[in-house]
Amino acid sequence: MKKTKSRQNIRKALVFGMFLLFPVIINYLSPAVILMGASEGIITGSAILFGLLFLSSLFFGRAWCGWVCTASGLHQACTAVTDRKAKTGWGNVLRFIIWLVWLAMIILTFVRAGGVRGVDPLYMTENGISFLGSEMIIFVYLIVVIMAFVMVLIWGNRALCKYLCWMAPFMIIGNKIRYALKIPGVYLKPKKDLCIQCKKCTTVCPMDIDVEAMVQKENCQHNECIMCLQCADVCPKGAIKG
Ligand code: SF4
Ligand code: SF4
C-alpha cells in the first residue's frame, strides 16, 4: 500500500508541476498555434506534440492525461473544491464535433497556404518559452484556466477533458487502435476472483467510470480511462494491476 501511495504522490507532483509550467509551454498545447502555423505553411511544435501524443496512445493509452497534462494538475486541485464528476454523455460527442471542425480548418488552411513549407518546433515562442513569444499569452493562459474552473463548477471535475479537450480525440483514436490490434503496452489488468465489490475503485475514478463493473467483466478497456492508476492503487485486494 505504501508503494501505491508514493506512486500517486509522484503522479500528483508531476501534474501540479506541469500546471505551474503552463505559461511556459502553453503554445505547445495550443490548437490556435497550429492554425497560425498552417496559415504560413509551417508545422509548429504544437502540431508535432499532438502527433507524438497520438503515437504514445498506441502504447500507453491516455496516460498523458493522467500523468503529464497541465489541465490534470488543475483538475487535481479542483478536487478540493468539489467531488462532483463530469458525466459521460452528449458532451463527449460535442468534443469530437469541435475536433473534426478544427482538423478540417487545419487542412484547409494548409491548402490555402500552398501546402507545408517548413517545420518550426519553436514557432510563437522565444527560445522555446511561450510567454516570452507573445505578450498575449498570459491573457490566453488566464482565459483557459478560468474556463476550465468554471466548467468544473457547472458540470463537475474533468469537464474540460470530457467535453472540450482538443488533444483527447487523438488519444481516444489511438486507444481504440491499440485495443483493436492488441498492441503490447500499459493496460489495466482486472482479476475478478479477488474483487470483493467494495466499489472503492469506482468511487476514486476521476473520469466517473464504473471500474467495479469493468472488473466484473474482466475487461478494463474504456475510452475515457486516463491510466491514472488510482483504481489500482486504492483497491484493498489488489484486484486491478496496472
Ligand atoms: S476496489 Fe478492488 S475489491 Fe473493491 S470493487 Fe474495485 S476491484 Fe473490487
Ligand atoms: S479506470 Fe482507473 S486508471 Fe482509468 S481513469 Fe479511472 S481510476 Fe484512472
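Colleague: How do the residues of the lining of the second largest cavity divide into nonpolar, polar and charged?

Modeller: There are 8 nonpolar, 1 polar and 1 charged. Ala, Val, Leu, Ile, Met, Phe, Trp, Tyr, Cys and Pro count as nonpolar, Asp, Glu, Lys and Arg as charged, and the others, Gly among them, as polar. This is a predicted model, where local features need pLDDT of at least 70, side-chain atom pairs count only at pLDDT 80 or more, and totals for chains, interfaces and linings use all residues. Residues are numbered from 1 along each chain as its sequence is written, chains are lettered from A and ligands numbered from 1 in the order written, and side-chain values use heavy atoms, without hydrogens and water.

Colleague: What makes a space a cavity, and what makes it a pocket?

Modeller: On a 1 Å grid over the protein atoms alone, a cavity is a set of points where a 1.4 Å probe fits but cannot get out; a pocket is an open set with protein on both sides within 12 Å along at least five of seven lines. Lining residues have an atom within 4 Å of a point. By this rule there are 2 cavities of 30 Å³ or more.

Colleague: Which cavity is the space taken by ligand 1?

Modeller: Ligand 1 takes the second largest cavity. A molecule sits in a cavity if more than half of its atoms lie within 2 Å of the grid points. Around ligand 1 are 13 residues, of which Cys195, Cys198, Lys199, Cys201 and Cys235 come nearest. To be near, a residue needs a heavy atom within 4 Å.

Colleague: How many disulfides does the rule count?

Modeller: The count is 0. A disulfide is a pair of cysteine sulfur atoms within 2.5 Å.

Colleague: What lines the largest pocket?

Modeller: The lining has 36 residues, and Leu29, Ser30, Pro31, Val144 and Trp166 lie nearest the centre. By class they are 30 nonpolar, 4 polar and 2 charged. The space is about 550 Å³.

Notes
Points joined across faces, edges and corners; volume = space filled by probe spheres on them.
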